[in-house]
Amino acid sequence: PTEFEWEIAARGVDRRYYPWGNTFDEKKCNVKQSGIRTTTPVGTYKDNVSPYGCYDMCGNVAEWVQDWYKAYPGSDQTSPDFGEKYKVLRGGSYFSESGFRTYERSKDDPTTWTNAHYGFRCAISDSEVQKQGGQ
């Protein structure tokens, strides 16, 4: 998904901090304080479901999105890291500290994609679903 699609799927239209609401709860996700120190199967945390039914969008593995690390449209923010060198990661991982927020974005060089705490999520556009005859 794009970064925007990922964020809506994780936070909903009410823009909550976490898939389950606005208060962090380390018992609802796989983060550093969980002490697991590795990935867990999708759906392990039944309370870590977004308003759109997506699991594990907070913790477990940080997820690559389609977008390059650039300023958001309309922003005057600048950074030497902006451009087409880094890809955006969202959602945090089992290395993330307790209390980070789902909307926090990070970045990494695509040449390092073989990292145990990075992952990705597959998505299909609504127009593609319609072309396939789905609903």
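Visitor: Before we start, what is pLDDT?
Guide: pLDDT is the predictor's confidence in each residue, from 0 to 100. You need it here, as this is a predicted model.

Visitor: OK. Which helix has the lowest mean pLDDT, and which the highest?
Guide: Among the elements of the protein chain, helix H2, residues 126–131, is lowest with a mean of 65. Helix H1, residues 3–11, is highest with 91.

Visitor: And what is the mean for the chain?
Guide: The mean pLDDT is 85. In the chain, 88% of residues reach 70 or more.

Visitor: Let's switch to the inside. Which residues make up the largest nonpolar core?
Guide: Eight residues: Trp6, Ala9, Ala10, Met57, Val65, Tyr69, Tyr86 and Val88. H1 gives the most to this core, three residues. Another core of seven residues lies apart from it, with Tyr18, Cys29, Cys58 and Phe100 among them.

Visitor: What about arginine 90: buried or exposed?
Guide: Buried, because its relative accessibility is 0% and the cut-off for buried is under 20%. Arginine 90 sits in strand S2. Its side chain makes a polar contact of 2.9 Å with the side chain of glutamate 3.

Visitor: Which strands each supply at least two lining residues?
Guide: Strand S2 (87–90) and strand S3 (105–108).

Visitor: How many of the lining residues are charged?
Guide: Three are charged, with six polar and four nonpolar.

Terms used
Residues numbered from 1 in each chain as written. Predicted model: local features only at pLDDT ≥ 70, side-chain atom pairs only at ≥ 80, totals over all residues. Heavy atoms only, no water. Helix = DSSP H or I, 4+ residues; strand = E, 2+ residues; numbered from the N terminus. Nonpolar A, V, L, I, M, F, W, Y, C, P; charged D, E, K, R; others polar. Buried < 20%, exposed > 50% of the residue type's maximum accessible area, 1.4 Å probe, protein only. Polar contact = N/O pair within 3.5 Å; in protein donor to acceptor, adjacent residues only side chain to side chain. Core = buried A, V, L, I, M, F, W, Y, C linked by side-chain atoms within 4.5 Å.
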